Amino acid sequence: MRIDCIIVEDEPLAQERIRGYLERLPFMNLVGVFDGAMEALTFLQSHTVDLIFLDINMGNFSGIQLLESMRIDSQVLLSTAYHEYALKGYELNVTDYLLKPYTFERFLQAIDKVRQQRGKETPADRKFIFVKTEYRLERIQLDDLIYVEGMRDYRRIYAAGKQIMTLQTFGELEQLIPPGWVCRIHKSYLVALAKIDSVGRDTVRIGDLELPLSDTYRKTLLEMIQR
């Protein structure tokens, strides 16, 4: 089982350490190395990989921000010298968290987790998610999901018959929802593809409602619709 991967890391020594470890594993295929998260974000918008080695602390745009800014279907191995980021990493559903400096043996443990997860199948009939709201988890049927609106620190989820407020970010919600169900159309809006009635130059219509469509997300939306 070949695993295509990229390295997103701004420290040259850390890059070389990962390269060296990967060279010892013939099933690992390194397809790109990026010094910053923005460069990786651009690459991932048009390429698919199985695994991302992602540093957290990288200047003005961190690894955490990368995970929160778009849907990442790849598995992620987070790395940093600061253990306090571990909880945030697991909230974003990363495969493992590597605390620098880590040994080859610890690296192998993380790769083994990646291979185990790649061997698992997601149940095709799971058509619901649970969202954190106040002090409980609220179940949402994916068929009922209409759109999500960003409101400062909160996201308001509109579903058939109810509205739910959550502190979970767009990125966290996209990690929960299976591929193909939703798409970002604006920095403040995420919509269910099945609920879209029409797409205009700068708007998306759902019933009598018109939501803004920004140039940043227009190409991705059109590609998903055409699939």
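Two strands pair here if DSSP finds at least two bridges between them, and strands (E, at least two residues) and helices (H or I, at least four) are DSSP runs numbered from the N terminus. The model you are looking at is predicted, so to speak of local features takes pLDDT of at least 70, side-chain atom pairs count only at pLDDT 80 or more, and totals for chains, interfaces and linings use all residues. Residues are numbered from 1 along each chain as its sequence is written, and side-chain values use heavy atoms, with hydrogens and water left out.

Let's start with the sheet. Five strands make an open, antiparallel sheet in the order S10-S9-S8-S12-S11. At its edges are strand S10 (162-166) and strand S11 (182-186), each pairing on one side only.

Some of the pairings are set out here.

| Strands | Bridges | A residue pair |
|---|---|---|
| S8 (145-151) and S9 (154-159) | six bridges | Met 151 and Tyr 154 |
| S8 and S12 | three bridges | Tyr 147 and Val 191 |
| S11 and S12 (189-192) | four bridges | Val 182 and Ala 192 |

S8 and S9 also form a hairpin with two residues between them, and Arg 152 in the turn has a positive phi of about 55°.

Now to a loop residue. Gln 168 sits between S10 and helix H6 (170-176). Its relative accessible area is 10%, which makes Gln 168 buried (under 20%; exposed is over 50%, partly exposed in between, with a 1.4 Å probe and protein chains only). Leaving out residues up to four places away in sequence, Gln 168 touches Val 131, Lys 132, Arg 155, Leu 173 and Leu 176 (contact means heavy atoms within 4.5 Å). A polar atom of the Gln 168 side chain lies 2.7 Å from the backbone nitrogen of Lys 132.

Key. Polar contact = N/O pair within 3.5 Å; in protein donor to acceptor, adjacent residues only side chain to side chain.
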